[in-house]
Amino acid sequence: MLVFAASDKGGTGRSVTSANLAYQRALTGDHVAYVDFDFGSPTAAAVFDVPGAMRGTEERGLHSYLEGEVAEPARIDVWRQTEHPLLRARPNQSGRLVLFPGDAGGGEFAIGEESLQRCIDLLLRLNGEFDVTVVDLSAGRSYAVDMVLAATAHPRMRNVPFRWLVFHRWTRQHVIAASGLVHADHGIIGGGVERGHDKEALEAAIRFVRAAVPDPESPLWSQGSPAQAAWMQACDEALRRLAAEHAIGDSVVLGIVPLEPILQWREQLITEEDVLATQIANKETLEALEEIARRLTDDAHWGRP
Amino acid sequence: MAPRESTRTPRAVLACGEIRTCLLPARQALDIRAAAQLLALRADERALTSERPGLYARSSDTLTGVDCPLPSANGARVRAVGTVAARAALTEGRVLQTSARFHLPATGPDRRRPWGEYLVRPGVVEPLGKLPHEAVAQGVLGGGRTGDLDAGLIAEGLLTRLLRHPLLDQRPPFRSRPTRLRWAALPAAPGEGFRLERFTLAEDELRTVRLRVPEDTPAAGLAALCEDLALHDWLLTTVVRMLDGVRLGTGAARDTGAVVRTLRPAVDHLLHLWMPRARVSPELAALWDPLEERPGFTRQWRTLVQRIRDQLTLHAIPTPHQEVEPVP
């Protein structure tokens with residue numbers, strides 16, 4: 001299963017959340033690849049805490065691979081090479097978690113036919129090797145989005161299942177932008193159809209993840225005034241209506257990640273330890289991530305809306 | 001009259017190569033005709049096929065011209081020119097291997113010759129000057145620097161080309177990892193025979209093999225031996241990982257289907273492939289012996305096969321034992 005992580009804007013927590021989903025899947029025993037196609041600003045090294053392992057991969061990353069400069073992209077075994085003390089102790093029965101880093105300083109680039117073929121080669125090989133492959137795409141209608149749309153429409157990939165997760169924050173602008181990314185004329189669906197995708201099938205393979213959503217019920221806000229609570233409730237309602245009007249309502253939402261300081265500030269994986277021992281992360285956040293990770297492959301959540 | 005220096009075939013003091021082994025990404029194994037079609041790398045030559053003792057197809061050699069430094073463990077920069085031979089093989093229509101190899105004479109001319117003179121000696125790479133063969137062998141096995149001669153790149157290129165073939169539907173029957181095997185064969189002491197000096201599992205998917213062989217042992221035969229080792233090592237690795245992924249015991253008893261689903265591909269696609277030495281020349285076949293003794297490839301394989309059969313038998317029986325198991 002290939003999972004493409006997209007977002008219209010930066011700062012939606014796309015990278016950190018999709019990395020956490022990859023981590024959660026690996027904990028359940030799946031072999032997971034995390035592919036950093038965020039060419040503008042590769043952040044995966046920080047999220048998985050592998051800065052040391054990144055040294056020496058600057059010219060062997062995905063960028064160099066797609067441009068044909070190296071035959072195989074660098075891979076980093078997260079359990080083995082992370083500097084995060086908790087991740088180092090790879091849990092028993094967990095699957096492999098392998099990061100395919102981008103190049104340091106590799107910007108966006110136009111795709112030619114040969115890079116597209118190489119992209120297909122890579123995705124096919126990863127699909128043969130890993131249970132789940134999470135592909136983190138640069139924000140917006142980027143070359144990375146174009147490339148994987150073209151790749152997945154290619155006859156060689158006709159038998160490879162894929163799904164899209166579109167991350168957005170829970171604000172007016174972000175809701176409208178996320179809807180535009182998917183539904184606008186040259187959005188993911190429009191662009192996909194241009195490249196040979198079936199409209200309905202592609203639509204059915206896209207779900208949304210609302211990130212950094214303040215939960216009015218959360219104890220975090222219980223200190224607020226009644227007026228504040230009522231106002232939050234009303235805003236939340238209005239946003240739901242807005243989302244529904246823009247065709248990204250609850251029926252196409254795979255999950256909601258609460259507003260979580262650790263995701264916003266530290267941009268790291270949330271471990272059980274963070275919740276239980278040091279209590280710097282909220283239990284609800286971890287549960288939300290576990291649930292979304294589970295739903296990734298649960299067909300009940302991928303029926304036609 | 002003695003042959004001119006430039007055309008005499010020099011004696012090889014080092015042969016090396018690299019092999020990639022992976023599962024063919026196709027739902028059904030290829031039959032022998034389809035296999036020959038996949039491996040028809042050159043229009044003028046057909047793939048070699050055989051059906052005894054198992055289905056096997058092998059492409060003819062393709063040549064890649066090289067002119068680059070050799071990897072070396074002591075930092076010596078020796079430039080070498082010549083051709084690397086590569087071929088692909090498919091076992092039982094299921095396991096795909098690509099293999100690149102070259103051999104090197106002890107010395108070469110100080111300057112590059114006309115290209116035609118290299119082309120007449122396929123698979124020979126000639127050093128400019130003297131070859132520090134021990135250091136180069138170590139360099140090859142340890143992996144060189146970017147830009148050094150790398151048989152692995154050539155094997156990888158051939159593999160990529162084959163995996164794009166329209167015959168493949170890209171639906172592998174199970175998840176598996178490709179392996180890489182690097183090998184180097186150094187000359188044995190005078191009077192000594194063939195010897196397997198070392199077989200190592202480095203990193204996760206890299207294996208290295210170091211051999212001692214009498215001078216002038218053909219590199220193609222050595223490559224065939226190493227392809228055989230790589231195939232069987234891949235089988236062991238793959239089946240071990242498959243069993244690793246199965247959660248056994250009481251906790252897993254709730255989902256017996258999962259065990260059968262995980263192990264079934266081994267029965268369908270792999271268990272009948274074990275046939276060490278089948279494609280190895282008789283004098284090289286003895287190189288398998290140390291591996292059979294320790295760690296004991298075939299012994300481990302038999303144990304794995306037995307475990308798989310036992311698990312499948314267990315799960316074929318309705319499970320009354322669940323009722324008497326103590327509740328934790």
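**Exercise 1.** Are α1(A) and α15(A) roughly parallel or roughly perpendicular to each other?

*Solution.* The model is a predicted one. Begin with the geometry: helix α1 (residues 14-27) and helix α15 (residues 283-295) of chain A pack at about 75°, and their axes are 9 Å apart. Angles of 65 to 115 degrees count as roughly perpendicular. Therefore α1(A) and α15(A) are roughly perpendicular to each other. Next, list the residues that meet: N20(A), L21(A), Q24(A) and R25(A) from α1(A), and L289(A), E290(A), I292(A) and A293(A) from α15(A). This contact divides into four nonpolar, two polar and two charged residues.

**Exercise 2.** Which strands of chain A stand at the edges of the open sheet, each with a single partner strand?

*Solution.* Write down the order of the eight strands in chain A: β3-β4-β2-β5-β1-β6-β7-β8, with mixed pairing. The edge strands are β3 (76-77) and β8 (253-258), each with a single partner, so one side of each has no neighbour in the sheet. Now take the pairing of β8(A): four bridges join it to β7 (residues 206-213) of chain A, and the two run parallel. One of the residues to check is V209(A), whose bridge partner in β8(A) is G255(A).

**Exercise 3.** What covers the buried residues of α7(A)?

*Solution.* Locate the helix: α7(A) spans residues 113-129. Its buried residues include R118(A), C119(A), I120(A) and E129(A). Their cover includes β1 (2-7), α4 (62-66), β5 (132-137) and α8 (143-153) of chain A, together with β1 (12-23) of chain B. For the two chains overall, 15 residues of chain A are in contact with 16 residues of chain B.

Note on methods: Residues numbered from 1 in each chain as written. Chains lettered and ligands numbered in written order. Predicted model: local features only at pLDDT ≥ 70, side-chain atom pairs only at ≥ 80, totals over all residues. Expected span 1.5 Å × (residues − 1). Buried ≥ 20, exposed ≤ 12 C-beta atoms within 10 Å, placed from the backbone. Contact = placed C-beta atoms within 7 Å. Axes fitted to C-alpha atoms, helices over the stretch in contact; angles between N-to-C directions. Parallel < 35°, antiparallel > 145°, perpendicular 65-115°, else oblique. Nonpolar A, V, L, I, M, F, W, Y, C, P; charged D, E, K, R; others polar. Pairing = 2+ DSSP bridges.
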